[in-house]
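Work through the exercises below with the model open. Each task is followed by a solution in steps.

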Amino acid sequence: MKLLSTAATFLLCVAPFSTARSLDFFNSQTPIKAENEAVKGDNPLVYCNNPSNYILQIERVDLTPNPPLPGKTLTIQATGTLNEKIEQGAYVNLEVKYGLITLVRQTADLCEQIVNVDLECPLEKGEMTLTKQVELPRQIPPGKYTVHADVYTKDDKHVTCLEAHNIEFKAGFI
């Protein structure tokens, strides 16, 4: 459950900055990089679609360390601009997969989740900066994980959509 909570936090951190829990990353040999249209910065995030239509315009997201290490603190720094106020009723569709197996597929209240990154609704229009530290667990099942977070306003307008693909956790680095 800690893994799922952490996975959600990471994307929630960046989904207003994407939205707020954190992805527990296991030690991989090289920094995690995005393969598609990447979110700027040192992170594994890619946009689902053309980000110019999103309410949240992300300028940069940095993870320290990248790759994150089990049992260590992951620092997430994000900056961006909200083009509209985000009010109660906003939500995130979250999916976490372990290989081909779906571990989580749920819709969560964005305003309930962003308290995990010391924010609260309403999120006012304008520039935002976020710094969040997350303690990563020492043990994570080895394998490849994919996380997808699709964020909407209460009126179903697209705030952002982010993915992290093929996040690999390797055995033996505990």
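**Exercise 1.** In which loop does Asp118 lie?

Solution. Asp118 lies in the loop between α2 and β6; helices (H or I, at least four residues) and strands (E, at least two) are DSSP runs, numbered from the N terminus. Asp118 is not a glycine, yet has a positive phi of about 60 degrees. Asp118 is exposed, at a relative accessible area of 64% (buried is under 20%, exposed over 50%, partly exposed in between, with a 1.4 Å probe and protein chains only).

The model is predicted: local features need pLDDT of at least 70, side-chain atom pairs count only at pLDDT 80 or more, and totals for chains, interfaces and linings use all residues. Residues are numbered from 1 along each chain as its sequence is written, and side-chain values use heavy atoms, without hydrogens and water.

**Exercise 2.** Describe the peptide bond from Cys121 to Pro122.

Solution. The bond is cis, with omega near 0 degrees. Pro122 is in the loop between α2 (110–113) and β6 (126–135).

**Exercise 3.** How are the rings of Tyr91 and Tyr152 arranged?

Solution. The whole structure holds three aromatic pairs (rings of Phe, Tyr and Trp, its six-membered ring, with centres within 6.5 Å; planes under 30 degrees apart are stacked, over 60 edge-to-face, the rest tilted). Tyr91 and Tyr152 form a stacked pair, 5.3 Å centre to centre and 20 degrees between the planes. Tyr91 lies in strand β4 (residues 91–98) and Tyr152 in strand β7 (residues 143–152), so the pair ties together parts 61 residues apart in sequence. Tyr152 is buried, with a relative accessible area of 17%.
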